[in-house]
Amino acid sequence: MTGVELFGRHDELAGISGFLDRVRQGGCVRLIRGEPGVGKSALMTAAAELALSQGMHALRASGSEFEADVGYSCLNQLLLPAHAALDRLPSGPREALSVALGFGAGAPPDVLLVCNAALLLVTELAADRPVVLVVDDVQWIDRASAVVLGFLSRRLEGRRAGLLLSARTGSTSFPGLLSEHVVEPLDDEAAGRLVETLHPQMPARVRRRLLDLAQGNPLALLELPAALLGSARRTVPDAEVVPLSDRLQAIFAARLTALPDATRQVLLLATFEGAGDVRVLRAALPDRPSLEDLAPAERAQLVRVDDATARIAFRHPLIRSAIVAMSTHEERRTAHLALAGAVDRERRAWHLAAAALGPDEAVAELLDDAARRVLLRGDGFAAIAALVRAAELSTTSTGRGRRLAEAAYIGAEVNGTVDDAEILLTDARRAAPDSAGSLHAAGAAAFLMINGDGDVNTAHRLLTGAIETGDHGYRADDPALVEAMHTLLLLCWYGSTPEHWKPFFSVLRRLRPQPPDLLALAADSFADPVRTGKAALPRVDAVLRTLTDDVDPARVVRAGTAAVYLDRLGDCREASWRLVRHGRDGGAPRRHLGALMHLCLDDYLVGRWDEAEELADEGQRICDTGGYPFFAWYFRYSRAILAAGRGRFDEAYTLADEITHWALPRGVAAAVLFAHHPRVLAAAGQGDHDAAFGHAAAMSPPGVLASHVPHCTWVMFDLVEAAVRIGRTTEATAHVRAMRDADVGALSSRTALLQAGAEALVLDDDEQVLRLEGALAGAERWLFDRSRVRLALGEKLRRTRSAAQAQQHLLAAHGGFAAMAAGPWLSRVAGELRAAGYRPATEQRGEPTALTAQEAQIAQLAASGLTNKQIAERLYLSHRTVGAHLYRIFPKLGVTSRAGLRDALSPPAV
């Protein structure tokens, strides 16, 4: 344990011991929180020393407010002692982590790759003996390191590794699922024993004054006695009006004043360096002062030097604050300039910026470069900080406006810092009124407009005008132009008319030497896939193959967008899940939302409806709480079609109406059209085929696959089926002809299935049924559409041909609908099976062996009379999950409602 006894910390030390026990058993994460000086650092030291005494690895780091903008600086401290173990990692993760930590050269790696590499390294170390990562003052660590630690915090379970963090009370919660412990001030008895042990001869009056001033703060109890007993008494502020941290800082300043000037200069240098790297300090101190001048501070126990790691550690963060507070401007500038010559390019930019006396375009350009590098690592916040500082150093109003506009764009489009983005955009316009025409400014303004109370048409005009008048020469390698075109693509899609798309395609044709691969693919596959989607098919595989672990998150989302109407979202699932996990660990929310949207759509099509509902709820929460109200309609749509499919018709109609009422005044025509889809499903589920036909026709009229309304392909089968059921065979035939003329079946195995299914409903011949059988065989992935087509085909076969053949399709449909808990469709297929003469074999009564353990438990509770909500509360599930389970349970037990559960679960009479 530590050399000094920790008075009054029996419970905390027992908690640390228990924490280490859980680390050995399979991983644990804990956050220690408390006021400055309350003893967090002492407890962290005690934890590290106890871990070492028990034969564990203990890696330590501490946050520095002066390195908060330097990416991976904390992670560098933490993993430097394990540098040799990097050689045990595969080459990809090894190189990524080496570059991120500054151990090697190379292109900046993606933050997810760094996260996984760090996890691999910790896992590799834990294979030898348990590992404890101890990070003090986490409120000051850089954001990139925070993302990695958040990632680790969710994945250490089962790895014999632990993460122990400390943070000041009131600081932002750390991303991750942490067990928190608040360290309280010492009670009067423990504080008294500490003072008695350290100062047994202290006069009673001074002792009382000390205890009153310290308020149980251990650091104050250690530092104040010298001031109260000596001549420095006047430096102690009045306890009633000055916060404790100010009192302690005054004490540290008084102690620092006694140090030689050279010592204080070295301490100032170490403060700004942040990581305590002795090698960097040596490089920054070629002459005088030197590291030898650090000795008085060591003897005064203000700092300690770890010979094994060659690191300097301050006794308490307030020492660093006091050093800076008592330094002069010229001393600070000199320290930053010295460090600029001893650190890497990114840190050099920040030190030169701190030393700048006024506008300096060369330093501003270095910060531009730093912003681009950290943005590639996924750290948008650090990129914004670099660009804002670069704007301050710009020598022209145009340069200042451009940098602020780019920062605004990153804040709005990547990070979701909408309020900050609005302020930055206002500053950009104030700095250079003509900056409103810059592409970054226009992109930020367009996003802020639609995310607020503005409308799509105005945003479309604004961005189109900026692109058409921009000074970019239509170069396809201009990053701002490419970003603007991707934003314009979405605005055109929201508008959903050919007129919206005309300026987009006009610019696209002018790009030289040719449009970027992803932008060109989306132009063909997303704008009007009915007419141009086939042209995209030869190129989609090449784009999807680029979705590797280290790819830019924006590319993942945009590739998913290009894949939606080619039904290739399944090929994006792994990459999308990486973004979701990254977002949950504190990554950019905009990319998190994009990945959630695509996973929800794919889950709906393939029948993973439980997961889809969970992800849609997650997306809705992020939109509601994270500053993204515009994108909430996507998740209302997903929730609505799932509610309709599962028979929650009122919920489906309510959500559809919410989408429509929100979208109409904002000109979001795509959302208005999408809202008809859940209404189509709900009406069909209720047997109201007239209404189903009307809503499907509102998306695309009979006999037409509407231009630039790609989602009409998702209801083309519904329109034909509803038309047949209400006797509108002319309209049904016309729509099938439109599907054939467009050859929509060539887009994917799903659209081939839908086209074949629609043809089978309209064309009464055996050859068409055979073609449909072939399409079904090639569409195993699309559970909902396959089950619906089988149901429609089974219904037709029962009425026109063979009941036995009908039963085959109806039974397959029954299994699919049961797997999704698609209640209305399940009831419909059960009725058709009965009409076809099918009778299930009577199951032996007794224990419901066909049920899973959870299904059996839910069935018993439902049979006892509990509602879905009551069952959910008892089993810690959502009421939707309970309902889904019941829909699967009913067919297994041969019942159609809750009323039959009691008899089905009762043992047979003896």
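Contact here means heavy atoms within 4.5 Å, and everything shown comes from a predicted model.

View 1. Once residues up to four places away in sequence are set aside, Arg475 touches Leu481 and Arg512. You'll find Arg475 in the loop between helix H22 (456–469) and helix H23 (479–495). Its relative accessible area is 41%, so Arg475 counts as partly exposed. For a sense of scale, Arg475 and Leu256 sit 219 residues apart in sequence and 58 Å apart in space, going C-alpha to C-alpha.

**View 2. Arg646, another arginine in a loop.** This time the loop runs between helix H31 (632–645) and helix H32 (649–663). Is Arg646 buried or exposed? With a relative accessible area of 3%, Arg646 is buried, because anything under 20% falls in that class. Neighbours within four places in sequence aside, the residues in contact with Arg646 include Trp609, Asp610 and Glu613. Also among them are the run Met820, Ala821, Ala822, Gly823 and Pro824, plus Ala884, Tyr887 and Arg888.

**View 3. Helix H21 against helix H22.** The axes of H21 (residues 439–451) and H22 come within 9 Å and cross at roughly 175 degrees. That angle is over 145 degrees, so H21 is roughly antiparallel to H22. On the H21 side, the contact is made by Leu439, Ala442, Gly443, Ala445, Ala446, Met449 and Ile450. H22 brings Val456, Thr458, Ala459, Leu462, Leu463, Ala466 and Ile467. Sort the residues of this contact by type and you get 12 nonpolar, two polar and no charged.

**View 4. Strand E2 and its partner E3.** E2 (residues 57–62) pairs with strand E3 (residues 131–136) in the parallel sense, over six bridges. Which residues of E2 make up its covered face? They are His57, Leu59 and Ala61, while Ala58, Arg60 and Ser62 form the uncovered one.

View 5. Mean pLDDT for the protein is 87, and 92% of its residues reach 70 or more.

Methods:
Residues are numbered from 1 along each chain as its sequence is written. This is a predicted model: local features need pLDDT of at least 70, side-chain atom pairs count only at pLDDT 80 or more; totals for chains, interfaces and linings use all residues. Side-chain values use heavy atoms; hydrogens and water are left out. Helices (H or I, at least four residues) and strands (E, at least two) are DSSP runs, numbered from the N terminus. Buried means under 20% relative accessible area, exposed over 50%, partly exposed in between (1.4 Å probe, protein chains only). Axes are lines fitted to C-alpha atoms, for helices over the stretch in contact, and angles run from 0 to 180 degrees between N-to-C directions. Angles under 35 degrees count as roughly parallel, over 145 as roughly antiparallel, 65 to 115 as roughly perpendicular and the rest as oblique. Ala, Val, Leu, Ile, Met, Phe, Trp, Tyr, Cys and Pro count as nonpolar, Asp, Glu, Lys and Arg as charged, and the others, Gly among them, as polar. Two strands pair if DSSP finds at least two bridges between them. pLDDT is the predictor's confidence in each residue, from 0 to 100.
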